[in-house]
Amino acid sequence: MPYARHQVDEADLAAVVEAMQGDWLTQGPWVARFEEAVAAFCGAPHAVAFASGTAALQAAYCAAGVGPQDEVVTTPLTFAATVNAAVLRGARPIFVDVRADTLNLDVAAAARVDPARIRAIVPVDFAGLPCDYEALLSLARSREWLVIQDAAHSFGAAAHGRRVGTLADLTVFSFHPAKAITSGEGGMVVTHDAGLAARLRRVRHHGIEYRDAARPWDYSIAEPGLNARLTDFQCALGCSQLAKAEKFLARRAALAERYRARLAGSPFLSLPALPDGVSHAWHLFVVLLELDRLREGRDRILMALRAENIGVHVHYPLVHLLAFYRQTFGTGEGLCPVAERLAPRLMTLPLFPAMSEEDQDDVLTALDKVLTHFAR
Ligand SMILES: *Cc1c(COP(=O)(O)O)cnc(C)c1O
């Protein structure tokens, strides 16, 4: 059993076939349809589709004007792409610690960094739980930092009644098959700002600016951009998947609720906090092992569960401890003590909409067997 799995049905297949029979394989009418549908889903005015979540992040940093003189504040507990994309633009990452309860970026720690060169703050809604946006947005406004929200995990989540996509200046989604909905590969940036949206579209297509739509050979380059377009048939898949997003989210929430009920009170693990006023997208179900009650470390437990055919996983190795970051920015142990204390305890259990309660019971049985076996 994998830790994540996409769910594709007949309607998805029909949508892809229909798009492929049209006149366009790369950008065509489905791109705008998917963008409009995602914008409407989020309640935001603009959405720009990209070839991947990573390409969407790169374009977001570019649209935000992040460059070699700049620093960006972010969390070490994320997929490396969040930070790689900023570094590829020449920026320096400033890692701030996470909160021990939610595992999300600690806004109080962000308030303590030297703001002189900071251009943007990049929160990541870890596992699908929105960060503390009340505090984060008020800090960002007082410092004039742009907020680039890595919402790869939190498509469909909400904070204080506002859906993810309406909180930050730029909100970045991924439609990788492990995520809430999929377009194969794919990503999207959602924004309230028409100027940022226009720059995102330009970056997506090489940075090209046409002088006159009737003379497509006569163009200029406003800034060097990417080819980060999402194909028409992928957007058709995205549209078809989006129609099922609420159903997928509800299923994830029901399974997560069931996990939480069954795991509450276990002596061998604890669960991240669920603050009031937020709705969780449940991209990942993450537990924290109580290693002082276990004879073996996390990796041995992972291997034992995988031997039981349970696809447990780890999200994530901390970015500031990865080789490139150590070598280039001199980061290392001690920089983010809370994240460093918690990271060796993190384990992700399987969670995806197609999972049955029987599948989930298999996970719980194997987990109980392995943890009891390794009890101290
Ligand atoms: C999945 C993910 C990305 C990258 O998205 P891709 O579509 O795989 O490029 C970026 N950040 C986080 C936190 C992710 O989980």
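1. To read a pair of packed helices, start with their axes: these are lines fitted to C-alpha atoms over the stretch in contact, and angles run from 0 to 180 degrees between N-to-C directions. Please keep in mind that this is a predicted model. With that in hand, look at helix H3 (residues 53-63) and helix H7 (residues 194-204), whose axes lie 9 Å apart and meet at an angle of about 125 degrees. H3 is therefore oblique to H7. The crossing in which H3 passes H7 is right-handed.

2. Which residues make the contact between H3 and H7? On the H3 side you will find Ala59, Ala60, Cys62 and Ala63, and on the H7 side Leu196, Arg199, Leu200 and Val203. Sorted by class, the contact of H3 with H7 holds seven nonpolar residues, no polar ones and one charged residue.

3. Now try a second pair. Helix H1 (residues 10-20) packs with helix H8 (residues 232-242) at an angle of about 150 degrees, and their axes are 8 Å apart. Angles over 145 degrees count as roughly antiparallel, so H1 and H8 are roughly antiparallel to each other. H1 also passes H8 in a right-handed crossing.

4. By class, the contact of H1 with H8 divides into eight nonpolar, two polar and two charged residues.

5. In soluble globular proteins, nonpolar side chains tend to be buried together. Here the largest nonpolar core has 52 residues, and the residues with the most contacts inside it are Phe34, Val38, Val73, Ile121, Phe155, Phe173 and Met188. Which helix gives the most to this core? It is helix H2 (residues 29-42), with seven residues. Another core, of 30 residues, lies apart from it and includes Leu255, Val287, Val363 and Val370.

6. Leaving aside neighbours within four places in sequence, Ile121 is in contact with Val73, Leu105, Ala110, Leu136, Ala140, Trp145, Leu146, Val147 and Ile148.

7. Is Thr74 buried or exposed? Thr74 is found in strand S2 (residues 71-74), and its relative accessible area is 2%, so Thr74 is buried.

8. Tyr61 has a relative accessible area of 0% and is buried. Neighbours within four places in sequence aside, Tyr61 is in contact with Val66, Val72, Thr82, Ala85, Ala86, Arg89, Val122 and Ile148. From Tyr61 to Leu342 there are 281 residues in sequence and 29 Å in space, C-alpha to C-alpha.

9. Finish with Phe329, which lies in helix H11 (residues 323-329). Buried means under 20% relative accessible area, so Phe329, at 17%, counts as buried. Leaving out residues up to four places away in sequence, Phe329 touches Val87, Ala91, Arg92, Pro93 and Phe324. How many residues apart in sequence are Phe329 and Ala63? They are 266 residues apart, and in space 24 Å apart, C-alpha to C-alpha.

Note on methods: Residues numbered from 1 in each chain as written. Predicted model: local features only at pLDDT ≥ 70, side-chain atom pairs only at ≥ 80, totals over all residues. Heavy atoms only, no water. Helix = DSSP H or I, 4+ residues; strand = E, 2+ residues; numbered from the N terminus. Parallel < 35°, antiparallel > 145°, perpendicular 65-115°, else oblique. Left-handed = near helix turned anticlockwise from the far one by under 90°. Contact = heavy atoms within 4.5 Å. Nonpolar A, V, L, I, M, F, W, Y, C, P; charged D, E, K, R; others polar. Core = buried A, V, L, I, M, F, W, Y, C linked by side-chain atoms within 4.5 Å. Buried < 20%, exposed > 50% of the residue type's maximum accessible area, 1.4 Å probe, protein only.
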